[in-house]
Amino acid sequence: MTAATATTAETFRPALHYAARNTWLNDPNGLIFHDGVYHLYYQNNPLDNVWGNMSWGHATSPDLLTWTEHPVAITCDDEEDIFSGSIVFDRDNTSGFGTDSAPPLVAIYTSAFKPGSAHHGVQAQSLAYSLDGGYTWTKHAANPVLNRGSAEFRDPKVLRYDGGAGSYWVMVAVEATDFQVVLYKSKDLKDWELLSTFGPANATGGVWECPDLFPLPVDGDPNDLQWVLTVNLNPGGPNSGSAGQYFVGDFDGTTFSSATTVTDGLQDPDRLGEYLWLDWGRDYYAAVSFSEAPDNRRLMIGWMNNWQYANEIPTSPWRSTMSMVREVSLQSMDGSWRLVQQVAGDPAPLAEQTPSFTLAAVEISDGHHVLDGAAGSVQRIELALTPGTAEECGLIVRGDGAQGTRIGIRPADDRIVVDRRESGQTDFHGSFASVDTAPIRTTDGTYELTVYVDRCSVEVFAQGGQVTLTELIFPAATSTAVSLYAVGGTATINNLSVTQYA
Ligand code: FRU
């Protein structure tokens with residue numbers, strides 16, 4: 001590595017997010033909490049920092065914020081690439097890979113078969129198991145275990161179903177180009193029986209990938225459970241490119257019935273704004289949840305990138321990071337439901353002091369106003385504002401003069417906006433510079449934003465996490481100013497606090 005690339009690497013290397021030391025990553029895989037440790041496996045090219053040689057990389061964390069990288073867990077070979085999938089703790093040793101007293105972890109992954117294989121051209125589901133708590137893995141001798149002869153059958157997420165219909169393993173996977181989630185059941189993770197299919201529905205502007213299915217209590221009521229089916233798609237997101245949508249409804253052990261389907265069948269592009277999105281930003285993809293998370297928490301991670309430009313983002317020697325880990329919960333809203341998201345780990349121990357900058361209520365005028373003492377590149381900014389006559393108002397982060405990344409509210413349009421046209425390096429790909437927006441609601445004219453800034457990204461949680469926007473940015477190391485801005489009038493900042501983490 002030259003000195004120049006070392007500087008670039010450290011300029012953008014996140015402090016609160018996971019990035020591999022010096023290689024490529026994409027989708028989170030096999031998320032599981034086991035023996036007191038969070039395991040994050042991920043699509044990894046062990047040999048380079050662009051997509052290829054797909055294998056499962058591995059990192060662990062005690063707190064969802066600090067990660068340790070381990071040797072590659074499951075490696076590609078001449079016959080197969082190891083595409084996305086999940087891990088379950090087979091506590092009753094249904095697979096027989098372990099013993100009753102030492103049950104295994106079992107990984108269910110997609111074999112993307114290569115020319116060296118008799119299955120060349122097919123994507124099918126395979127198993128590997130670990131008897132040492134997830135650090136070393138053995139591929140099952142009789143792989144693949146589920147082969148439909150399809151070239152686009154991938155991304156198995158396996159969960160344990162215990163309900164009215166019985167107790168068994170359920171797999172959700174996709175027929176990607178059919179815009180379909182396929183559901184299977186099994187007693188032993190080896191023999192799979194088709195249960196049902198779901199889709200096409202709502203967003204179908206790109207292939208369906210990386211599904212997940214889980215129950216959540218509505219408004220915290222354990223007697224009111226709804227099932228959430230998440231489906232990532234690429235492209236076709238609300239602000240273009242890769243994104244994740246979700247459906248809320250019922251799963252009876254066989255069939256998922258959506259209560260939030262707007263468009264049954266292929267997408268009506270004019271209705272994109274009516275679908276439910278995991279995140280409205282450009283850089284939150286392939287999101288899936290942890291198995292076995294403590295206290296029934298539903299914790300998700302997304303890949304913080306977009307296939308439109310993923311291989312070209314200007315970092316080195318590593319490329320791509322995960323999002324922060326998010327706890328998702330379900331709120332009732334207007335006779336329907338919304339997923340609400342919060343950062344799951346507690347970053348307080350990482351803070352130098354908490355909070356390190358605060359501002360009491362103030363009215364701001366047209367223009368931008370640098371906050372002396374608030375500058376930083378790894379920080380959480382909490383802000384409540386009430387737009388006055390301004391047509392747009394909010395924050396500029398990683399700024400330098402009037403330039404920077406703008407995160408604001410357009411009250412007349414009921415929109416939140418992230419504008420990264422002047423965020424720093426944008427010219428590495430024609431579609432990167434963008435103004436991305438999402439619908440936002442207020443009941444009392446006030447808007448609350450929590451923004452995590454982490455060297456090459458902003459993650460915005462608005463209105464208590466009802467709306468999130470996740471975006472990559474590549475500013476100069478010296479662009480650290482935090483400003484308030486208003487366009488065409490005044491706005492009131494009710495309160496603001498900044499916590500520095502590095
Ligand atoms: C999603 C995806 C998955 C596939 C993996 C390959 O980003 O395309 O469908 O399993 O990446 O790396």
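A polar contact is taken here as a pair of N or O atoms within 3.5 Å, where, within protein, one atom must be able to donate a hydrogen and the other to accept it, and where residues adjacent in sequence count only if both atoms are side-chain atoms. Under this rule, 21 residue pairs, both members at pLDDT 80 or more, are in polar contact across the interface of domain 1 and domain 2 in this predicted model. Strands S20 (326-333) and S21 (336-343) each supply at least two residues of the side of domain 1 that touches domain 2, and S21 gives the largest share of that side, with five residues.

The chain is divided into domain 1 (20-343) and domain 2 (351-500), whose centres, taken over C-alpha atoms, are separated by 31 Å. The contact draws on 29 residues of domain 1 and 28 residues of domain 2. About 2300 Å² is buried between the domains, with carbon and sulfur atoms giving 57% of this area; on the side of domain 1, Trp280, Arg282 and Met304 lose the most area to domain 2, together 23% of what that side buries.

The largest nonpolar core comprises 62 residues, among which Ile416 and Leu496 have the most contacts inside it. Because both domain 1 and domain 2 give residues to this core, it lies between them. A second, separate core holds 27 residues, including Cys210, Phe290, Trp303 and Val325.

Technical notes. Residues numbered from 1 in each chain as written. Predicted model: local features only at pLDDT ≥ 70, side-chain atom pairs only at ≥ 80, totals over all residues. Heavy atoms only, no water. Core = buried A, V, L, I, M, F, W, Y, C linked by side-chain atoms within 4.5 Å. Buried < 20%, exposed > 50% of the residue type's maximum accessible area, 1.4 Å probe, protein only. Domains from an automatic or database assignment. Contact = heavy atoms within 4.5 Å. Buried area = accessible area lost by both parts, 1.4 Å probe. Helix = DSSP H or I, 4+ residues; strand = E, 2+ residues; numbered from the N terminus.
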